Amino acid sequence: MSHASVSTSGKRPSGLHGARLPKWFPWAAAVGSVALGLGISAVAGLESSIQWALIAALLFVVGTFVIAARVEGRRQAKDRVATSAIWVAFVIAVIPLASLVYETVKRGVKVLDGYFLTHSMGLVSDTEPGGGIYHAMLGTLEQVGLATLISVPIGVLTAIYLVEYGRGKLAKAVTFFVDVMTGIPSIVAGLFILSLWIIILDMGYSGFAGSMALTILMLPVVVRSTEEMLKLVPNELREASLALGVPKWRTILKVVVPTSIGGITTGVMLAIARIAGETAPVLLLVWVTNFINTNPFSDPQGSLPVYIYLQFANSGGSGAAYDRAWAAALTLIAFIMILNLAARGIARWKAPKTGR
């Protein structure tokens with residue numbers, strides 16, 4: 001028997017097993033990198049936490065490669081470096097987000113209570129305590145609701161046309177303009193509605209004017225998300241329905257749309273979250289009021305983004321207006337978070353059931 005053959009005991013030669021770093025190595029490397037980063041920052045006199053954090057991240061990636069290359073080889077070291085870089089990018093992305101949420105909650109809970117949510121500013125001065133955001137919440141809900149009622153049917157039908165019927169130059173033109181609309185700045189949409197609705201047609205400031213600008217921003221998101229969801233529906237489902245003699249429009253209505261309704265709903269919710277915090281078009285078209293206006297088709301109307309901006313601008317960095325601005329920001333974040341959770345719940349509820 002040759003030397004390369006397997007031994008009679010049935011075990012592989014020990015030479016086939018390379019050295020491996022322990023499972024706790026990434027954690028140890030992270031802790032060591034943070035300690036070295038703090039030490040280097042202290043010696044160099046760096047006061048910014050961002051500086052020592054970047055030094056620690058660089059040490060983590062470089063140190064992981066050096067140690068892994070000596071113990072496991074360069075090939076495995078490259079894999080560990082890629083993993084380390086992904087973790088560093090994740091932490092860099094999460095830290096600002098967590099800091100933003102923490103700071104908003106910390107400052108916003110000072111005046112966020114039932115009174116704040118159920119009263120408007122009314123005759124309360126910006127420098128005085130009291131008042132609330134009821135008028136702003138009502139305006140935001142009506143403006144976003146109108147924009148949703150306008151954009152969702154148009155966006156979904158446009159996506160159905162592009163996926164199921166779109167061929168030739170018209171479909172290409174629609175796709176091109178949807179792509180262009182995706183990158184339109186919000187202020188441009190506001191200026192377009194301002195010139196058409198208020199200056200040319202002389203219709204005046206109203207919540208509906210703001211809703212039309214928000215519709216321009218929301219429409220391409222709805223079209224794109226719905227289009228991608230419709231493309232994920234297997235062609236076998238369409239072919240099976242058509243083979244039974246079902247018309248194409250009925251196949252789309254009864255098979256294609258119900259199959260992708262979870263993803264479509266998620267896209268709509270994300271589009272709503274996209275426009276809920278827009279300030280520029282609302283400030284241009286809806287204007288400002290501290291009183292409750294339940295009619296979105298007439299007269300200025302409050303909104304949460306504009307309320308936050310004005311309260312902060314008039315606060316001077318402190319005082320009652322400053323606290324109200326943070327509380328309104330926390331309310332807006334909570335509103336968007338609820339929308340996203342609702343979208344996830346609907347998507348999971350409407351997702352096609354898979355068999356065993």
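**View 1. The E72 side chain makes a polar contact with the side chain of R80, at 2.8 Å.** This is a predicted model, so keep that in mind for every view here. The E72 side chain also gets to the backbone nitrogen of L21, again listed at 2.8 Å. As for where we are in the fold, E72 sits in the loop between helix 2 (49–71) and helix 3 (74–108).

**View 2. Here is what surrounds E72 once its neighbours within four places in sequence are left aside: A19, R20, L21 and R80.** Is E72 buried or exposed? With a relative accessible area of 15%, E72 counts as buried, because the cut-off for that label is under 20%.

**View 3. W287 has a positive phi, near 70°, and isn't a glycine.** That's worth a close-up because most residues other than glycine have a negative phi. Look for W287 in the loop between helix 11 (280–285) and helix 12 (304–313). Its relative accessible area comes out at 44%, so W287 is partly exposed; that label covers values between the buried limit of 20% and the exposed limit of 50%.

**View 4. D299 is another non-glycine residue with a positive phi, near 70°.** Where does D299 lie? You'll find D299 in the loop between helix 11 and helix 12, and W287 is in that loop too.

Notes. Residues numbered from 1 in each chain as written. Predicted model: local features only at pLDDT ≥ 70, side-chain atom pairs only at ≥ 80, totals over all residues. Heavy atoms only, no water. Helix = DSSP H or I, 4+ residues; strand = E, 2+ residues; numbered from the N terminus. Buried < 20%, exposed > 50% of the residue type's maximum accessible area, 1.4 Å probe, protein only. Polar contact = N/O pair within 3.5 Å; in protein donor to acceptor, adjacent residues only side chain to side chain. Contact = heavy atoms within 4.5 Å.
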